[in-house]
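Dear colleague,

Please find below the sequence and structure that I am handing over to you. My findings follow directly after them.

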Amino acid sequence: WLQTLDFVAFDTETTGLWAPANRIVEVGAVKFRLGQPRIEQFQALVNPERKIPAETIRIHGITDSMVRQSETIEPVIARFLEFCGTDSVLIAHNAMFDIGFVGCEADRVGIELPENLILDTVDICRKYRPGLDSYSLLALVREFKIDRSQNHRAADDAAQVWKLFEHLSQDFPFLDGEGEFRKLFTSYRFSQWQGEEVRLPDQFEEISRAIEQELPLEIMYASNGRPPQKRIIRPRRVHSLRAQYYIAAFCEQVEEERTFRLDRISSFRVMK
């Protein structure tokens, strides 16, 4: 029965680590069936509509010039979900990271996500290969002699996830249905992404009103240790992380969406 399932190993490259404050710059995926050589591949660069930080360029090598002429996220996510289909089982390494980014980006553009089961190769490796020093993707593909290096590009990492899952599947017991499958694996869904919007405390009611009524907001904002500067922003969403509030907004100064920490806004007023 397991050999009849379509699996999709997927990976994302991004502008940073936290989905509500960052964007996807590349999506890669491999569709396969266990024990069969035929695969289908998906790869797309994404224009994040903002500059890619130098520290993330050093990781994945994707530069502003590489994505400048690429599609924005809405058509890419639509094609990625069409590629996956609704009956496939998705697989990612540290799955909640990729679930968070796909979920957050889909929410931004109003795309409804399917309820595919999603497996995490970290969970599977911990179950079938306990006691390893590291469960990073690079450490695992080296441990099992799948590959010697990792270049942090989405399609290549997705291929490594596919090969890692194929390798681990040799230890899976015989399964004859979805009930046994669900018992064997910890599974996730896109609906579990951890970036839900929140409401600001009452003293910031005017900022909440600006979001609800799509009004511009003048703020005094201090960033990177510099003195507060005046910014005109159009706030869109509020998220929280570790008790800190973040406002995602279009910044008129740089003409891009940026994220502003609430505790760094020293004053604000709604512009009518």
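**The second largest pocket**

Among the elements that line the second largest pocket, strand β1 gives the most, with four residues. Please keep in mind throughout that the model is a predicted one. Strand β1 covers residues 7–14, and at least two lining residues also come from each of α1 (54–60) and α4 (95–109). The space in this pocket amounts to about 430 Å³. Its lining consists of 18 residues, and those closest to the centre are Asp-11, Thr-12, Glu-13, Phe-97 and His-152. Sorted by class, the lining holds 10 polar residues, four nonpolar ones and four charged ones.

**Helices α3 and α4**

Helix α4, which contributes to that lining, also packs against helix α3, formed by residues 73–84. The two axes lie 10 Å apart, and the angle between them is about 120°. Angles from 65 to 115 degrees count as roughly perpendicular and those over 145 as roughly antiparallel, so α3 is described as oblique to α4. The crossing of α3 and α4 is left-handed. Which residues meet there? From α3 they are Ile-73, Glu-74 and Ile-77, and from α4 they are Val-102, Glu-105, Ala-106 and Val-109. This contact comprises five nonpolar and two charged residues, with no polar ones.

**Helices α5 and α7**

A further pair is made up of helix α5 (residues 121–128) and helix α7 (residues 154–169). Their axes come within 11 Å of each other and cross at roughly 30°. Because an angle under 35 degrees counts as roughly parallel, α5 and α7 are placed in that category. On the α5 side, the contact is made by Thr-121, Ile-124 and Cys-125. On the α7 side, Val-161, Leu-164, Phe-165 and Leu-168 take part. By class, six of the contact residues are nonpolar and one is polar, while none is charged. The crossing of α5 and α7 is left-handed.

Yours sincerely,
A colleague

Terms used. Residues numbered from 1 in each chain as written. Predicted model: local features only at pLDDT ≥ 70, side-chain atom pairs only at ≥ 80, totals over all residues. Heavy atoms only, no water. Axes fitted to C-alpha atoms, helices over the stretch in contact; angles between N-to-C directions. Left-handed = near helix turned anticlockwise from the far one by under 90°. Contact = heavy atoms within 4.5 Å. Nonpolar A, V, L, I, M, F, W, Y, C, P; charged D, E, K, R; others polar. 1 Å grid on protein atoms, 1.4 Å probe; cavity = no way out; pocket = protein on both sides within 12 Å on 5 of 7 lines; lining within 4 Å. Points joined across faces, edges and corners; volume = space filled by probe spheres on them.
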